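Okay, thanks for making time, everyone.

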Amino acid sequence: MADDYLVRIGKLIRDARQHRGWTQSQLAEALGTSQSAVNRIERGNQNISLEMIARIGEALDSEIVSLGYAGPMHLRVVGGRRLSGAIDVKTSKNACVALLCASLLNEGRTVLRRVARIEEVYRLLEVLSSIGVRTRWINDGVDLEIVPPAELNLAAIDADAARRTRSIIMFLGPLLHRVDAFKLPYAGGCDLGTRTIEPHMIALRRFGLDIAATEGQYHARVDRAVSPDRPIVLTERGDTVTENALLAAARHDGITVIRNASSNYMVQDLCFFLEALGVKVDGIGTTTLTVHGVPTIDVDVDYSPSEDPVEAMSLVAAAVVTESQLTVRRVPIEFLEIELAVLEEMGLDHDRTPEYFADNGRTRLVDLTVRPSKLEAPIDKIHPMPFPGLNIDNVPFFAAIAAVAQGKTLIHDWVYDNRAIYLTDLNRLGGRLQLLDPHRVLVEGPTRWRAAEMMCPPALRPAVVVLLAMMAAEGTSVLRNVYVINRGYEDLAERLNSVGAQIETFRDI
């Protein structure tokens, strides 16, 4: 391997390690080698095999190298350009992954329309294919057809793909109806700190599911004699927790009441899909869901998931940060009203069309035009709340927006352990963000953005926030290893380029 490649690989490894917050000794311990060996690797002074590179990437949860193509993907961003025109919001990432998991409930053929072609979906499709589910893209790759086998081959599950997505945890609800005992790899996904799965376990135990976690796997057993005899009260009003409870209740032969349920966008889409499967759900959009389960589901179903409010917020933020006039079409307004109300108070100039329905016939959409505005910091802090509050996943975008507003904004991201820390990466681009504690960041604006080369944060929304700041910064920036963005956004660079951005994708090894 040429010396210059060794140096470049070493730099990527060093950057990924530092982003993970590890010392060389910690990485050495994970690899079963010495700190001095890691030091030599990072300085480009030691030959390194592809197997070792892959092991390092797995340890750091960073795509240092990928077999099958020439290394990880990066973005080169020429900033300081104004956006213009119109851009459509794609279908919801979180709804699509929930519906892929829900397809395991159905013994018939499921067709999902306009599925987001993102890495998170690809990982779930790899898992589904490995256990015998036939999946194929149809209608020129726009829609997805899913046909399950008579018997799932869970022993053949693709553990590597499963570990790269937190969504695998939503297999628990459907699988408890199909097999009496099974194993699932631990859930992965974004590096957002410790998140317990205990709320899932509390809900699913009521359906007879018992979980033991050992050796990187969940070992599940189902007691068919156990069923809910009173309403299930979720200890966390979480989206995936509510979805898992819904998936378990869908094929429970009886009525299940779920209280303290999330009423967020992906939960509503799942409820609409369950109704298409013949499962009656009362209380959609509220915190109490009543599910009239059916023990067998064998139907051919065709369903269109709705648009993604978090992507919509991303595009609105792109317009704000780059001081552009941009029309964002097909915005699911019900799930963005609080964010827009906050932005209005900050001084955002925008207007919206009358409402119309998404392809699912239920979700309300508008087209939203954002204009260059002089923003003032909000009086109150920015903090998330369960729907109908400000969406948890939209909080990071306010870091970039607050950075271009006059004054100081306090952002309190209380849900995740690590995510607020990643927002301080904006300081590399000229931002003035002060980390008060692991959950609170003080943002001072306005910001004179400057170009920089940096490693992509290992969390989806902060990674996109960094990209938006690069789009606003005069000069050329480089964002390395953007796999995490591709987990949640389809062709984001290409779509932003269509409205005036200048973003080039490239690989260097």
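Predicted model: local features only at pLDDT ≥ 70, side-chain atom pairs only at ≥ 80, totals over all residues.

Three strands make it up, in the order 6-8-7, and it's an open sheet with antiparallel pairing. Strand 6, residues 181-185, and strand 7, residues 209-214, sit at the edges; each has a single partner strand, so one side of each has no neighbour in the sheet. From one strand to the next, the twist averages 25 degrees. Strand 7 pairs with strand 8, residues 217-222, over six bridges. If you want a spot to look at, find alanine 213, which stands opposite tyrosine 218 in strand 8.

On to charges. Side chains of opposite charge can pair when their charged atoms come close. Here the count comes to 35 salt bridges.

Take glutamate 42 and arginine 17: their closest N and O atoms are 2.5 Å apart. Glutamate 42 is in helix 3 and arginine 17 is in helix 1, 25 residues apart. Are these two buried or exposed? Both glutamate 42 and arginine 17 are buried.

Next, arginine 113 and aspartate 302 meet in a salt bridge, 2.3 Å from N to O. That one links distant parts of the chain, 189 residues apart, with aspartate 302 in strand 13. Arginine 113 counts as partly exposed, because its relative accessibility is 23%, and aspartate 302 is partly exposed at 45%.

Last one: Arg109, Arg134, Arg136 and Glu145 are linked in a network of salt bridges. Okay, over to you folks.

Technical notes:
Residues numbered from 1 in each chain as written. Heavy atoms only, no water. Pairing = 2+ DSSP bridges. Helix = DSSP H or I, 4+ residues; strand = E, 2+ residues; numbered from the N terminus. Axes fitted to C-alpha atoms, helices over the stretch in contact; angles between N-to-C directions. Salt bridge = Lys/Arg side-chain N within 4 Å of Asp/Glu carboxyl O. Buried < 20%, exposed > 50% of the residue type's maximum accessible area, 1.4 Å probe, protein only.
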